[in-house]
Protein chains: 2
Amino acid sequence: MVEFKDKIQLLADSKDWKGLKQVLNDLDPIQIADLLEDISDNAEIIIFRLLNRNQAKEVFQLLSHDKQEQIIEDLANNVKTLSNLLNDLEPDDRTAFFEELPGKVTHRLMQLLSPEERTITTQLLGYPEDSVGRLMTPEYVAIKTNNTVEQAFKHIRKYGKDSETLNVIYVVDDEWKLIDDIRIKELILASPQQKIEDLIDRRFVSLHAMDDQETAIKSFQDYDRVALPVTNDENLLLGIVTFDDIMDVAEEESTEDFHKFGSIQSVITNPLKEKTFNLYKNRIIWLVVLVFMNIFSGAAISHFENVIQSMVSLVFFLPLLIGSAGNAGSQSATLMIRALAVGDVEVKDWYNLIWKELLVSFLLGITMAVAVSIVASFRAPEIIIVLFITMVLIVMTGCLIGLLLPFIFTRFKLDPATASAPLITSIADICGIVIYFSVASYFLNF
Amino acid sequence: MVEFKDKIQLLADSKDWKGLKQVLNDLDPIQIADLLEDISDNAEIIIFRLLNRNQAKEVFQLLSHDKQEQIIEDLANNVKTLSNLLNDLEPDDRTAFFEELPGKVTHRLMQLLSPEERTITTQLLGYPEDSVGRLMTPEYVAIKTNNTVEQAFKHIRKYGKDSETLNVIYVVDDEWKLIDDIRIKELILASPQQKIEDLIDRRFVSLHAMDDQETAIKSFQDYDRVALPVTNDENLLLGIVTFDDIMDVAEEESTEDFHKFGSIQSVITNPLKEKTFNLYKNRIIWLVVLVFMNIFSGAAISHFENVIQSMVSLVFFLPLLIGSAGNAGSQSATLMIRALAVGDVEVKDWYNLIWKELLVSFLLGITMAVAVSIVASFRAPEIIIVLFITMVLIVMTGCLIGLLLPFIFTRFKLDPATASAPLITSIADICGIVIYFSVASYFLNF
C-alpha cells in the first residue's frame, strides 16, 4: 500500500501527468480515496482532476466530509467538472454531503444541478434531520403485479441501470402504492412465464420517510434486508434505503453514545485530524459544569468539618468510598444507556429494573464492604463498622442514580447517554460524602 | 401487535390447535419470534411445534440465544423435528448457535446432523472464535470465466436455491481459486451472449478465514458490499460472509466496548432478562479490584496527614480536584478507545496525539482553574494559587493517563476499552492527591 503512494507522490512531484493517469487507472476507487486522504494538498487536486468521470464520482463518495468540501472548493473554477460531479452523485450521498454544508454553499452548489436532480435534492433535504427521508434514494426499480417474470426482467434491464441496487425489486399498483418487495433471488429462480401476482405475499416491511433513523437501524437488524422501501402516510413508495447507509448511521450513533457517555458534547470523528480548538470546545463545557456542580461536595465536607478535625483518618477513606459509589453507578448507567439505545429496554421498564438493581447493588455493596473492611483492618480498625455500612449504602445509592438518570433523560426527550460517567460520578460523590460523614457522626458519637 | 398476542395466548389456553395453526400461518416469522420471546413457557413449545418446517427454521434463526436453547431442550423427545430443524438451519446461523453451547450439548446435537451438514459444521467450528471463518457460509454460487451470461443464469437457476444470497455471484478458476465477484446487477444488465471473461476486472475484495471479525466489519463499511468472499492462504474460495451477520457482530462489538468502558466484564445483552447473579458476577470483579487499588489513594492522603490537619479547608476541594482529573481523563480515553475501535487511529499514532493532547489539556486545565478560582474566592481565597496550579497539573495528568492507557492495553493485545472510565478515575485520583498536597505543602510552607 505504502509503495504505490510513494510512487504517486513522486509522479506528481515530477509532473508526469501521463504516467500518473495510467497508474490511477489501475487503482480501485477505495485505494484512490485512501490516497487522497493522505497525500499533500496540492497533489490532491491534480490527482482528482486526472480521474475519469465515473472514477471521480466513486472516489468522491468514499471521502471524508472534510476532504469532500476541500475538493469542491478546489474545483470552484472548473464549473463543468464540478457540475458533472454533483449531478453524477447518488441522490442519497449528495444529501449526506449537502446537509453538512453551510446553507449559502448548498444554495450555490444547487444551481449547478440539472432541474431533475435539483428537484430530487430539494425534496430529500426537505425531510427533518436524522429522519429516514434524508437517507433515501429515489433510484429503484418498481414493477406491476400483472407482469410476468420475463416482462419484469425486460423492465429491469431497461430501467435498472441507474438503480442503486437490483437486489430487491418493488411491486406497486397503478397509484404507485407499495404492494410488496421481491428479492432478486426469487425472480431469478421463478419460471419466466409466472405472474408477479403469484410470487408475492403482500407482506412487507417498510419505513416511513419521517421515521427516526434509529428506527431504520432497528428494522434492518431485525429483518436482515439489504434494502427497505420508504413510504408516506398514503403508502406511496417514495424511495429506498440501502444497508450501507444504515451501517454508516449505526456507527455514527454508537460513536455519539460513546462520546456522550464520556461527556464529550458532539461527535468527534477522528481525533487525529480534528482541530485543536474543536477538541477543546467539545470537551470544556461539561467539565466546567461539573466543576461548579462539585461546589456541593465541598459544601457537604465543610458541613462536617468538626467530624473531620476530630478524626482525620476518616479522610483516608474518602476517595475510596466516593470512588466506589461512582464506579458502581457508572456500570448501571452503562447497562441502561446501551440497552435503551439498542431497544432491549424501554422507558416503561424502569420500575421492573429497580427491584433487580436493588438486589444486585446490595450484593455488590456487601462484597465491596468486605473488601474495604479487609483494607481497614490494617490501618483503622476503629472505623470498620462505619466503613462497612457506608460502603453498602453508597454503592446502592450510586447504582440507583446510574440506573435512573438515563431513564429521566429519555423521559425529557434527551439522549440517555447524557447521563455520562463523569456526571454520575459527580452526583455519587456528593451523596457519598453526606452518607459517609452522617454514618460516621452517628456511630462515633460526634 | 399486542392484540394478536392476546388472541394467541387465548387460543393456546383454550387448546384450539387448529385455530392457532391458522393464525400462525398468516404471521411473519419476525412476528412469531417476537411472540415466542414474550409468551408463557408452556405455550411457547406448543406454538413452535405447530409451525411448518420452513417457518420453524426462519423463526428459530430470529430468536435470542437463550430462547433457542430452550426450544432445543423442549424438542429433546422429538428427535425427528429436532433433526430437521438443525439440518435446515443456515450453516452460519448454526455455527453461531453451537458456539455458545457447552461442548457436551454441541456434541450430542451434531449426531443429529446429516453427514454433509456435520462436515460443514465441524469445519466452521474449527476456526478460532471471533474469526471470519465462524461467520462464513459455504452456500454461494460460483461460475467459471468461459461461461456466457446466459449459461451463468442457467447455472444460477440450477444451484441457486440453497445459496444464502444471489446478490453477488463469484467467479472461480478450475482449481476453485477466486478470480472476481460480480454483482447480480451487472449480470442482469449484460447481454446474454457476453462472456463472463469480458465482464470481470479481476479486482475484488476478499476476507481471509483467519481474519479477525473486526477486520470484516471495517471491510464492509469501506467497500459497501452486501457480501464478501472468504478465502484461505492459497486464495481458494471457502465461503462468503453476508452483511446481516456483520451488522450483528458490529452491534455486539459496540456493546462490548461500551460495557468494558463502564468496567463491566463481559457483554450483558439485555439487563431486563439477565439473571441477577450474572449481573453481579460481571460487575463485581473490577469493583473489588478498584477498591484495593484505592488503598494507594488512602496511603497518599495519610502521607500528608499533617498538611491536612493544619488546614482542613484543603479537604473541601479534594473531591472537586480529583474528580476533575478523572472527568478530563475519561474524555481522553473515550476518544481514543472509539478511534482505535473504528480504525481512525492506530497504535503508532500515539506519539502524534500526545502533543495535541498536551495542548488541549493545558487549555482545559487553565479554563477549569479559572472556574475553581471563582468558586474558591468565596470560600477559601487564601488557597486560590494552590488550587489554580493544582487544577492545571492534574487535568493534564488525567488527560495523559486517559490518552495513553488505551494504547498501552492495545499494545499488550488487550481490548483498549479495558481502560474503563472507573479505572482512569481511580488512577487519576491517586495522582491527583499526590499533586494536590505536594503543591499545597510547597506553597503553604508546611
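**Close-up views of a predicted two-chain model**

Val171(B) stands opposite Asp180(B) in β3(B). The model shown in these views is predicted.

**View 1. Strands β1, β2 and β3 of chain B form an open sheet.** The order of the three strands in this sheet of chain B is β1-β2-β3, and their pairing is mixed. The edges are taken by β1 (142-143) and β3 (178-183) of chain B; each has a single partner strand, so one side of each is left without a neighbour in the sheet. Strand β2 (residues 168-172) of chain B is joined to β3(B) by 5 bridges, and the two run antiparallel. In this view, Val171(B) faces Asp180(B), a residue of β3(B). In general, the strands of a sheet pair through backbone hydrogen bonds, in either a parallel or an antiparallel manner.

**View 2. Strands β4, β5 and β6 of chain A form an open sheet.** This sheet of chain A has 3 strands in the order β4-β5-β6, with mixed pairing. At its edges stand β4 (207-208) and β6 (237-242) of chain A, each with a single partner strand, so one side of each has no neighbour in the sheet. Between β4(A) and strand β5 (residues 227-231) of chain A there are 2 bridges, and the pairing is parallel. Leu207(A) is placed opposite Val230(A) in β5(A). Helix α15(A) lies across β5 and β6 of chain A and runs at about 65° to β6(A).

**View 3. Helix α15 of chain A packs with helix α15 of chain B.** Both helices span residues 243-261 of their chains, and their axes are 11 Å apart at an angle of about 5°. An angle under 35 degrees counts as roughly parallel, and α15(A) and α15(B) are therefore roughly parallel to each other. From α15(A), the contact is made by Phe243(A), Met247(A), Ala250(A), Ser254(A) and Phe258(A). From α15(B), it is made by Phe243(B), Met247(B), Ala250(B), Ser254(B) and Phe258(B). By class, the residues of this contact of α15(A) with α15(B) are 8 nonpolar and 2 polar, with no charged residues.

**View 4. Chain A and chain B meet in a contact of 97 residues from chain A and 96 residues from chain B.** On the side of chain A that touches chain B, helix α20 (residues 318-342) of chain A gives the largest share, 17 residues. That side of chain A holds 54 nonpolar, 27 polar and 16 charged residues. Of the interface residues of chain A, 99% are also interface residues in chain B, so the copies meet through the same surface.

**View 5. Chain A superposes on chain B by a rotation of 180°.** The shift along the rotation axis is 0.0 Å, and the RMSD is 0.2 Å. The two copies are thus related as by a two-fold rotation axis. Within chain A, the C-alpha nearest the axis belongs to Asn167(A), at 2.7 Å from the axis.

**View 6. Chain A is assigned three domains.** Domain 1 covers 2-126, domain 2 covers 142-242 and domain 3 covers 294-444. Taken over C-alpha atoms, the centres of domain 2 and domain 3 of chain A are separated by 53 Å.

Definitions and conventions: Residues numbered from 1 in each chain as written. Chains lettered and ligands numbered in written order. Predicted model: local features only at pLDDT ≥ 70, side-chain atom pairs only at ≥ 80, totals over all residues. Least-squares fit on C-alpha atoms with pLDDT ≥ 70 in both. Contact = placed C-beta atoms within 7 Å. Domains from an automatic or database assignment. Helix = DSSP H or I, 4+ residues; strand = E, 2+ residues; numbered from the N terminus. Nonpolar A, V, L, I, M, F, W, Y, C, P; charged D, E, K, R; others polar. Pairing = 2+ DSSP bridges. Axes fitted to C-alpha atoms, helices over the stretch in contact; angles between N-to-C directions. Parallel < 35°, antiparallel > 145°, perpendicular 65-115°, else oblique.
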